[in-house]
Amino acid sequence: MDDTDPRDRTSLMKGAKDIAKEAKRQAVKKVNKVVDRASDEYSHSRAYHRFQDEDDADYYSQPEGNYEGNHANDEEGSSDATEGHDDEDEMYEGEYQGIPSDSKPGDGQVALGRPVADGLKDRRELESERQADEEELAQQYELIIQECGHGRFQWQLFFTLGLALMSDGVEVFVVGFVLPSAETDMCVPDSSSGWLGSVVYLGMMVGAFFWGGMADKVGRRQCLLICMSVNGFFAFLSSFVQSYGFFLLCRTIAGFGIGGAVPIVFSYFAEVLSREKRGEHLSWLCMFWMIGEIYASAMAWAIIPHYGWSFSMGSAYQFHSWRVFVVVCALPCICSVVALTFMPESPRFFLEVGKHDEAWMILKQIHDTNMRARGQPEKVFTVNRIKIPKQIDEFVEMHTESSNAVSKVIFRVKTELYGIWLTLLKCFIYPVKDNTVKLAIVWFTLSFGYYGLSVWFPDVIKHLQADEYASKVQLHNNELTEDFTFNFTLENQIHTNGVFINDRFVNMKFKSVTFINTTFQNCYFEDVTSVGCFFRNCTFIDAFFYNTDIDDSKLINTKVTNCSFHHNKTGCQMTFDDDYSAYWVYFVNFLGTLAVLPGNIVSALLMDKIGRLSMLGFSMVLSGISCFFLWFGTSEAMMIGMLCLYNGLSISAWNSLDVVTVELYPTDRRGTGFGFCNALCKFAAVLGNLIFGSLVSITKAIPILLASSVLVGGGLVGLRLPDTRSNVLM
């Protein structure tokens with residue numbers, strides 16, 4: 001039986017409650033002091049001293065978001081909360097931690113002094129916290145990159161990514177260079193002509209958007225490695241296919257692969273450069289696109305006109321010189337794939353997705369590589385804690401395990417595309433919405449003028465040459481030829497109302513020869529090749545054809561009586577023998593791309609001095625004015641000179657636009673935003689290809705005026721973009 005006085009029990013309980021309340025008050029006081037110190041630290045953190053080991057630092061050191069708070073814990077152990085208490089007090093306090101209290105938090109409330117769990121915060125609050133973390137990380141990352149220095153690692157990555165960018169430049173010009181040869185070799189009718197250029201640009205458009213978005217989800221290096229592998233494989237395969245439809249498919253998939261090169265390359269390289277180096281070295285990287293143009297032009301000039309660089313297996317399989325050119329143009333892509341296997345992922349991307357340890361290891365690799373190259377291998381990488389943004393969980397629909405492989409692949413693709421779409425929508429919200437719209441306008445106008453003219457100009461040169469060639473045509477009327485052997489080339493001739501009797505056409509070529517109302521009687525044709533040759537309203541009587549390419553497509557409204565055809569050649573025959581026009585077209589493109597070199601050097605040296613926006617706006621306006629003067633070109637020499645001037649002026653706009661686009665988007669949507677702008681660029685190229693190509697034989701005034709006006713308008717919009725020269729990479 002308990003004989004304790006009830007008043008004593010009441011007094012004991014009251015004393016225990018008083019002790020518990022005092023302990024709780026001291027704990028709240030301690031937490032408030034820690035919060036105040038953290039607030040002061042954040043308000044003064046923009047000074048960002050060299051990552052000193054501060055006792056109250058709040059940096060993440062683990063991908064899961066655990067804090068490194070050893071020093072803070074030590075400080076807490078000597079705080080006011082435990083001052084004056086001994087071990088017995090702590091044990092006694094623990095015994096009464098479960099005593100009910102009137103101040104117990106109700107539903108939906110959080111105990112005083114305890115941090116609010118992420119699950120109890122709304123998404124807007126979480127995104128606000130993440131934004132603050134990203135701003136802090138941007139400042140700290142800039143200092144870390146400066147600590148790592150600029151040296152051997154950046155140059156290794158520079159040349160690796162340069163090969164990928166070079167492949168993109170080659171891909172753009174391969175289309176224009178092989179277009180005439182491929183369509184002739186594969187017997188493409190005029191109604192289908194031009195589809196090759198359009199579908200390749202469409203593939204690049206889709207690829208730019210897809211791979212740019214994927215780079216923000218799975219990484220820069222991995223996406224670039226995959227898209228370059230796709231391009232290299234299908235570009236190489238396209239050189240061997242004989243069907244025009246299959247050739248279109250291969251080039252489209254190759255374009256889809258290379259479409260991701262530009263947005264990923266610039267995002268990747270910018271994330272390992274400090275603010276002082278970024279503008280200049282991104283401009284130097286742009287030179288590889290120009291090198292790709294020069295490489296494609298030089299190879300086309302050296303390879304395609306050489307018809308002898310070919311082989312055939314029967315008449316069904318032909319491997320002409322333009323196919324050799326396609327193989328050679330795939331080499332930069334293959335080299336870039338090999339080099340990329342030795343490069344690490346972007347550390348900035350790893351930090352963005354919460355992979356602290358992986359990012360730290362790569363940053364240490366950058367630091368050690370550069371220090372060894374400087375002869376300072378003993379210098380230690382002092383950074384041990386890096387801020388990572390708060391990771392916000394995404395709701396993902398799970399797929400059932402019982403589904404088949406095809407449905408799983410489709411589901412995965414749909415999920416990734418939806419994720420890319422959500423990231424794209426972030427590019428159209430404050431504070432980057434206005435910048436995205438302006439960038440889209442500038443990208444569209446610049447590419448519409450540039451790509452349209454780059455496809456249109458070779459056709460203009462050919463058109464001028466064709467007019468000059470047609471003016472030198474030889475006319476033969478009412479001729480009579482008997483018992484004569486033709487074993488030489490007939491070129492640029494028109495025969496009207498002629499008669500050929502007992503004549504032999506042996507081991508010869510018809511080149512741009514037309515026969516009208518002509519009769520061939522008892523004639524013998526053997527080993528005859530014809531290019532641009534037609535027989536209109538002619539008559540063949542008792543003629544014999546052996547190993548020739550004269551078929552129904554060349555016999556237009558022609559009567560054939562008692563004639564025999566043996567071992568006819570199949571496919572379209574092409575030859576560049578004595579065809580100096582092909583050399584001339586490729587040489588002109590070579591000169592045009594070579595004229596870009598001075599503009600590239602000037603833009604790289606002045607990018608950080610006069611600013612991105614000034615260079616972008618004035619370069620587009622000046623290139624639009626120079627394009628306008630092409631209208632007054634009366635000779636090939638004058639038009640070629642104006643083309644070189646236009647290319648030299650416009651390259652500065654391209655370089656500055658690449659730099660501005662990279663710097664205006666934050667890391668979590670940099671690839672997506674750049675990919676969207678580059679997709680618009682390719683869409684404008686398709687429009688330019690179709691519009692300018694349809695006007696080649698009609699007028700040159702409309703394409704030139706159109707290109708000039710859009711370039712000037714785009715340049716004025718570019719001047720309205722914010723200046724990013726002094727900003728850290730967000």
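Trainee: Which helices each supply at least two residues of the nonpolar patch?

Mentor: In this predicted model, helix 19 (612-628) and helix 22 (701-718) each supply at least two residues of that patch.

Trainee: And which helix gives the most?

Mentor: Helix 19 gives the most to the nonpolar patch, with 3 residues.

Trainee: What residues form the patch, and how much accessible area do they have together?

Mentor: On the surface, the nonpolar patch is formed by Phe618, Leu622, Ile625, Phe629, Trp631, Phe632, Leu705, Leu716 and Leu719, which together have about 840 Å² of accessible area. Of these residues, leucine 719 lies in the segment after helix 22.

Trainee: Switching to packing, how do helix 9 and helix 21 cross?

Mentor: The axes of helix 9 (residues 261-270) and helix 21 (residues 670-694) come within 8 Å and cross at roughly 140°, and the crossing of helix 9 past helix 21 is right-handed.

Trainee: Which residues meet there?

Mentor: From helix 9, Val262, Pro263, Phe266 and Ser267 meet Arg670, Gly671, Phe674, Gly675 and Asn678 of helix 21. Sorted by class, this contact between helix 9 and helix 21 has 4 nonpolar, 4 polar and 1 charged residues.

Trainee: New topic: how many salt bridges does the structure hold?

Mentor: The structure holds 12 salt bridges, and one of them joins the side chains of arginine 251 and glutamate 171, at 2.8 Å from N to O.

Trainee: Where in the chain do those two sit?

Mentor: Arginine 251 is in helix 8 (residues 244-258) and glutamate 171 is in helix 5 (residues 152-185), so that the pair, 80 residues apart, links distant parts of the chain.

Terms used. Residues are numbered from 1 along each chain as its sequence is written. This is a predicted model: local features need pLDDT of at least 70, side-chain atom pairs count only at pLDDT 80 or more; totals for chains, interfaces and linings use all residues. Side-chain values use heavy atoms; hydrogens and water are left out. Axes are lines fitted to C-alpha atoms, for helices over the stretch in contact, and angles run from 0 to 180 degrees between N-to-C directions. Helices (H or I, at least four residues) and strands (E, at least two) are DSSP runs, numbered from the N terminus. A crossing is left-handed if the near helix is turned anticlockwise from the far one by less than a right angle, and right-handed if clockwise. Contact means heavy atoms within 4.5 Å. Ala, Val, Leu, Ile, Met, Phe, Trp, Tyr, Cys and Pro count as nonpolar, Asp, Glu, Lys and Arg as charged, and the others, Gly among them, as polar. Patches are made of residues with over 30% relative accessible area and no salt bridge: like charges are joined within 9 Å, nonpolar side chains (Val, Leu, Ile, Met, Phe, Trp, Tyr) within 5 Å. Accessible areas come from the Shrake-Rupley method with a 1.4 Å probe; for residues, only the protein chains shown count as cover. A salt bridge is a side-chain nitrogen of Lys or Arg within 4 Å of a carboxyl oxygen of Asp or Glu.
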